[in-house]
Structures are given as structure tokens and as C-alpha cells.
Amino acid sequence: MSKAAYTDHLGRPLVAVTGMGVVSSLGQGVSDNWAALTAGRSGIHAITRFPADTLSTRICGTVDFIDIPVPNAVERSFAFARETTREALAQAGLSGEFGGPLFLAAPPIEPEWSARFELGDRVSPEDMTGNAYQEFLAVLRAKADPAFHEAILFGSISERLADMFGTRGLPVTLSTACASGTTAIQLGVEAIRQGRTDRALTVATDGSVSAEALIRFALLSALSTNNDAPEKASRPFTKDRDGFVIAEGAATLVLESLEAALARGARIHGIISGCGEKADDFHRTRSSPGGAPAIATIRAALDDAGLDADAIGYINAHGTSTPENDKMEYLALSSVFGERMPDVPVSSNKSMIGHTLTAAGAVEAVFSLLTMQHGVLPPTINYDNPDPAIPLDVVPNVKRDAQVTSVLSNSFGFGGQNACLVMTAEPA
Amino acid sequence: MTDNRHEVVVTGIGLVTSLGVGRQAHAEALLDGASPAPHTDSESFAPYTVFPLPEIDWSAQIPRRGDQRQMENWQRLGVYAAGLALDDAGLKENLEACAAMDMIVAAGGGERDIAVDTLIIEESRKRNDREVLLNEKLTTELRPTLFLAQLSNLLAGNISIVHKVTGSSRTLMGEEGAGISAIETAHARIAAGQSTHCLVGGAFVSERIDILVLIEAAQGLCKTPGQPFWNADGTASGVNLGTAGAFLVLESRDHAEARGAHIYARLDAVAADRGSRDAGRLEQRLARLADEAGAPAGGEDLIVVSGATGFPELSARERRFLGERFPNAPLRSQSALFGLSVEAQFPTGLALACLALDAGKPLAPFAPGEDATAATSPGTAIVTTIGHARGEGIARLTRMSS
């Protein structure tokens, strides 16, 4: 292969994906997830982690089948990330010290209520001042609590991953809300393009579903209340969609410069050809009415990949099933794809796995790569009442065989976060 | 690679600490010879001491009351300091420049509602069905907007809304390491030509009883008001948290010169790592990071701004290392005068170093009697932050003004 075959349209190193791992409410591992996803199965279920019978939303896509030593968001998020990273490294054929940087998308973590209750129980009566935090401080002055300290540090998940997998340098832990997983991949791509590394470990994990997390989103009217048939609650692009379903998951992608990957004989699962981002300055939770930032993000990803919109064969939508997102996403997509829009299949994995929040961008990047690899488009399930204002080919309800070589994956989040990826099949 | 790399320069400083608001206030307090007295509050959170927010008129950088109401002080402070940095760089309200500007924010989490949390804890003592209680109280007592005031990435989100910085928006987390990674990432992107101008920094509010818990869980807080930062045996006397909002505008030198911007300093290198701190491993790593950052041997032309947190032994090890690695270079104990500002610690250290490099005057000692006086304005600055639990970063900056 000539030198030029390893670089992109701007002369930058091409970035290959050589290993993938995934966990979602559908199961653990790439093959189980892909089988369930293409079978149109939903991972959404009734909440069992905490009592929810009095809450307006009683369904979720939590991952409850991975053992954790202590039930808190740090342990859970770490355990998911550990499992997906093991899978990805095994697939990449890498063992021993990873030797490249780690970019981790992790949920912004607050202390668990169980931990607050425990601290509260340790307060002696004479220290009860009527301010819970004064009381906690009195407890901690008497006896330090290293486990609690570690459980409330944002840096503790990447620390453990870095030690376990031998990554290099100071790991980056990031949050760009629902675009976090995409941002982690973007940081990995940038590091390889900078020439400071041949490989990067990009991980996104979210095991943060708790009563408080759920209630906070519910108070913003963001969640579906279709509780009676949980597997039918996430209904992207339908007329009766009423919010997203909160969920958990994780994904790891091993990124390598194509040249380094081929030099060691690695199998290439696809190329991350383009990353785009553009922040929205309109509102904290709502998008600019004209969709301009989302449009700019999609265009930036295409430009970065050196591709025209015509080259995209399939779109992995953000598709949250909220009234607002799906409308805005259609507006943005149709602005970019124009007359060709009806001919481009667009499906939402979230119809089956719910919204894995911090992990979503990376989980959906893995599914996008599998889509190209297998020549199968996963469906948008629960599409039985199409929204006439969103005339998309959503691959309704049933998977479809289709060879695609370029995929666009969208992520849009609170705080005006927009990030998109363009992925392509291995160059011939 | 080296030939194609872009020089990275600092063209905007937005700094708010207990000492005051803005670059000018800090220059006046720190470059006038004598050491300023620390501004501390040892009463509000006794037995702890914090470096409080100075008097500040939020409207100066956050003109709309509606925007102010959507935030608590942590986000307000960050948005304010970001606005100062943009102003200082001459880019405020330059819509074109801001729309293309990248942004990296080092963030923790926002303020808890202490009254609601207390209510729940007190009720929990009378009930066995605590999870049911939690649902009842959270559903009825939580303010919907508080969620957004707590979300880490909403500091950046508010900067986009208030100052129209929208080229990109990335929020990094992980205590002191977040501030290091933010600067490291911005530097790497500009140096590689991936970005031309970037707003980078963080904010931290110390006057939060919920955040004191973070450090006291490791029994790290100093409990003796008025205690000097350094003890006679070289250990530090514990952490006093410090409020700080610190943002920088970083640009490629070409980009800055093309628009005639004032350059405070060149950010030559940022080196960062983490790992075991046992048995000399920390010192070995710091030595490597100093080498990677291209740190010179110590001399009077050099100033070292140390972000030592105040944890007694950890700070002592850092001070010992810096003394050996940079002999004769005056050291400035950042936390003695400003407290520990966690995510904002490293950006604050860089902002202070830029002031010193640009001033043409020596920087006053931060810990009088411990920090050596400087005879001249430095030509090079080394800035360190060693995270209280993990993460270490070293930056090197060079004076650009003649």
C-alpha cells in the first residue's frame, strides 16, 4: 500500500477502528447486542433498582446483569467500561500495556443517596445541627471515609481503567451530555491526527440511573411515561412519541492509525473519517428553532471526512423519541440531504436500547460500524404511528439488508452539545 | 512534526479570586512589591477557612437577569471569568470570532440544594422506607432548573448562551486533573493546527458546604484558622478551599499576530500524567514531566508557580522536588494566597504566571517568609498542579514582551 493510502483528503493519518466492545440493556458483548438489535428486540423494562410505583416514569433500560461490589454509579460505570474494554482489546488482538491515551466519557456523578443516608446514620445526636452537610463534616472529621471520597471523585473511573489497561498519560474524563460518547471518539481521532500517538482507547460508559437522576429528567418533562408496555415506550419519529427512556450502557472503541493497524496485521472494522461539532447558543435544553447548529455539525463532520452528503448511505439517528429532538433532527437532516432525504435510511437504536446518555454516541458508533460490516440496517421499532411531519425512511420495525459504506451518526445534547461522526468501511 | 507546529500564545486572561475581579486587580495586588494579605473567611464554615468570592457585579458579564437566575454561583463565576477573558483578548462580542472559537471547560458539579438534602436526611431518621421517602421528597421538593445548574457541562452551555462561543464545547471532569487536561488538550490542538483560538479554563466556588465534604472525606481540610500555609518542618497545614474563576484565550501565534492581539506569554508545553505515588514514584514522574515540558534548570530568570494543594505530606514532597529541580528559582505557593480551587487550580496558576511574565516587574511572594522574593521579572515560568488524589501537570511559559 502506498503512503497516500494511509492518509485522508487533508493528508492526515486515517483512523481505523480495530476493536469494539459494547454493553446495553440488550446484553453484553458485540454479538449478543447485534443479534438483538437486528431482531428488533427491546431492552426496556420496568424499573427494579429502586421503588418506582409512585413515579410518573417507571421504565428504564438499566443494565442489571453485571456484578458490582457496591451499588453506586462509579462502580457500575467502571464495571461496564471494564467489560467493554476487555472485549474491544481482545477483538483488537492487543494484550499487555495499551500504551496510548485514554479518553473516557463518564456521567457527572453525585454521591449516592444510600451513601448520604449512611453518613446521616453516623451523626451523633449532639452534632445534629439542622444542616445535613455540617453533620456529614462532623462525621468525617471524626473518621475519614476513603471509600466515599473515591466514590465521589470524577477522576476515579479513568484512574482504574488506566491502571487496569496500561494507558499512557493523564486520561481525559469528559462530559458533553448526550454527545459525550461521540466527543470521546473525536478526542481519540484528534490525538492520532496530531501524530502524538498511533493508538487511542476511547470509552464511554453510563451506569448512573438512580431515583434522583430519573426524577431530575422527569421534572424537565424529558422522559416517556408510556409505562404499561415498556418495550413499546421508546417510539422515535412517531406521532405519539412522548420522551426518551433513560438507560445505561457502555462502549469501547480501539482507534489506531490505519498504517500502524495494518502494519501489525490488525483487522479493520471501519474508519472514523470525520468528526464535527458546533455548540448551540439558543437555550439550555432546547435547540435553535432553525436547527442551524445541528446542520452545521452534520456539515462539519462531512467536510472533515471530505465527503459530500450524497456519499452517505445510512444515518444512525440521535432519535431520542422526545417530541423536540426528533422534529429538530429531521429539520437538520432534511436541510443537509435535501431532495435525497427520502432515499436515505435513518434508524434509531434508541427505539430498542433507550437513551444511554453519556454512552450513547459510542454505543451507536459501534452499531454503525456493525451496520456496514454486516450489510444490515437495524430497524426503528415501535414505528406504528408515523409522524407525518417527519417523512423519513426509518427502516420501520424490521431490519433491512443493505450494503452501505458510509454512515453518519448524530448526537445532540443538553447544553447545546452537538457532535456527529462519519464512519466509512475499510478502504479497498 | 516540529516544523509544522504552531506556537501557542495567551492573549486573554479572565481571573476572579478572593483577591479581586479581573487581571488588573490581580496585577495591582501582586506586582507592587509587598505581598497582599490573604482574603479569607474562617467563620462561615468554622472550623474551616475558605477564600471567598470577592464583591462582584454579575451583570457586568451576564447582562440578562434571566440568565443569572438559571445558574448558581459556580456557573455564574465561570461565565463571568470567561467573559473577562474574551474582553481582555478583544474578542468579546466579536460574533464571527466567537462562533469559530473552540471551548474547553474544566468542571466539577454544581451546588446541591442543602435544604432539600437536609429535609430528606432528617426524615430518613424516622422512617424505614427510605427509598419511598426519597421519591416523595425529590418529586415534590427539587427545583427543575437546579438540575441544569448542577450539570457539569452546563457551565460551557451557559458560556455559549451568554457569550456566543460556539465553535465547539467540551467539558472535562476529574478534579485538578480536569484543569490540566483542558489546558493540555487546547495546547495540543492549537499546536497541531486543529484549532486557531480557544477559550479554556474553569471555575470553583469554595463557599459551598457540600464541596467541603469532597476534601474532608479524605480529612484534607485545615481546621486551624490563621495557620500559615507551610509548617516549619516543610509540610503544609491542610487544604483551605479557594474560590476562583480562571479562563484563558489561547491562540496560535499567527492568529494572534494577524489581528494585532497583545500576547501575554507563550505556552510552550504542557506535560501531564498520573500513577502510583509510592516510594519516590511521584518524584520520578515529576522529573520526567519537567523534562518533557522542557523546563530549564532553576535560576533567577525563572519563576515557579506551585499549585500544591495543602495536603501536608503531598505538598511537602512537591516543594522538596521543586527546590531540588529548580534551585534558586523563586517559588510561589498558589494555595497560600488563593486556596485550592480544584478544577480551576491549574488555569489559575497559568493566569498568574502570565501576569508575572508580562509585567516587567517581580511577582510578590504569596507565602511571605517562605516564598523567596524575586529581584526581576521572570523570562520563564513553570506552573505545577499535583491533584489532591491523582493527576499531575507541569506547564512551561515564556515571556514574549520585550
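The model is predicted. The contact between the two chains takes 61 residues from chain A and 63 residues from chain B, and antiparallel pairing of strand E6 (residues 172-174) of chain A with E4(B) also links them, through 2 bridges.

**Contact between the chains**

- On the side of chain B that touches chain A, at least two residues each are supplied by several elements, including helix H5 (114-124), helix H6 (130-141), helix H9 (175-191) and strand E7 (265-273) of chain B.
- Strand E4 (170-173) of chain B is also one of the elements that supply at least two residues to that side, and within E4(B) the bridge partner of Thr173(A) is Met173(B).
- By residue class, the side of chain B that touches chain A divides into 27 nonpolar, 23 polar and 13 charged residues.

- In strand E8 (residues 249-257) of chain A, 9 of the 9 residues are buried, so the strand is largely enclosed by the rest of the structure.
- Gly249(A), Ala251(A), Leu253(A), Leu255(A) and Ser257(A) point one way from E8(A), while Ala250(A), Thr252(A), Val254(A) and Glu256(A) point the other way, and all are buried.
- Strand E1 (residues 15-24) of chain A is joined to E8(A) by 9 bridges in an antiparallel arrangement, and in this pairing Gly19(A) stands opposite Val254(A) of E8(A).
- E8(A) also pairs in the antiparallel sense with strand E7 (residues 199-206) of chain A, over 8 bridges, and the partner of Arg199(A) in E8(A) is Glu256(A).

- With strand E10 (residues 380-386) of chain B, E8(B) pairs in the parallel sense over 5 bridges, and Leu302(B) stands opposite Thr380(B) of E10(B).
- Strand E9 (residues 331-333) of chain B likewise runs parallel to E8(B), to which 3 bridges join it, and Ser306(B) has Ser333(B) as its bridge partner in E9(B).

**Helix packing**

- Helix H7 (residues 180-193) and helix H13 (residues 360-374) of chain A pack at an angle of about 70°, with their axes 4 Å apart, and these two helices are therefore roughly perpendicular to each other.
- H7(A) contributes Ser180(A), Gly181(A), Thr182(A), Ala184(A) and Ile185(A) to this contact, and H13(A) contributes Ala360(A), Gly361(A), Ala362(A), Val363(A) and Ala365(A).
- The residues of the contact of H7(A) with H13(A) divide into 6 nonpolar, 4 polar and no charged.
- In helix H1 (residues 23-30) of chain B, the buried residues are Arg23(B), His26(B) and Leu30(B), and viewed down the axis of H1(B) they fall within an arc of 70°, so they line one face of the helix.
- The buried residues of H1(B) pack against strand E1 (8-17), strand E2 (20-21), helix H3 (73-88) and helix H15 (345-359) of chain B.

**A loop residue in chain A**

- Gly93(A) lies in the loop between helix H2 (73-92) and strand E5 (102-105) of chain A, and Gly93(A) is partly exposed, with 13 other C-beta atoms within 10 Å.
- Although Gly93(A) and Arg267(A) are 174 residues apart in sequence, their C-alpha atoms are 8.8 Å apart in space.

Conventions. Residues numbered from 1 in each chain as written. Chains lettered and ligands numbered in written order. Predicted model: local features only at pLDDT ≥ 70, side-chain atom pairs only at ≥ 80, totals over all residues. Axes fitted to C-alpha atoms, helices over the stretch in contact; angles between N-to-C directions. Parallel < 35°, antiparallel > 145°, perpendicular 65-115°, else oblique. Contact = placed C-beta atoms within 7 Å. Nonpolar A, V, L, I, M, F, W, Y, C, P; charged D, E, K, R; others polar. Pairing = 2+ DSSP bridges. Buried ≥ 20, exposed ≤ 12 C-beta atoms within 10 Å, placed from the backbone. Arc of directions from axis to C-beta.
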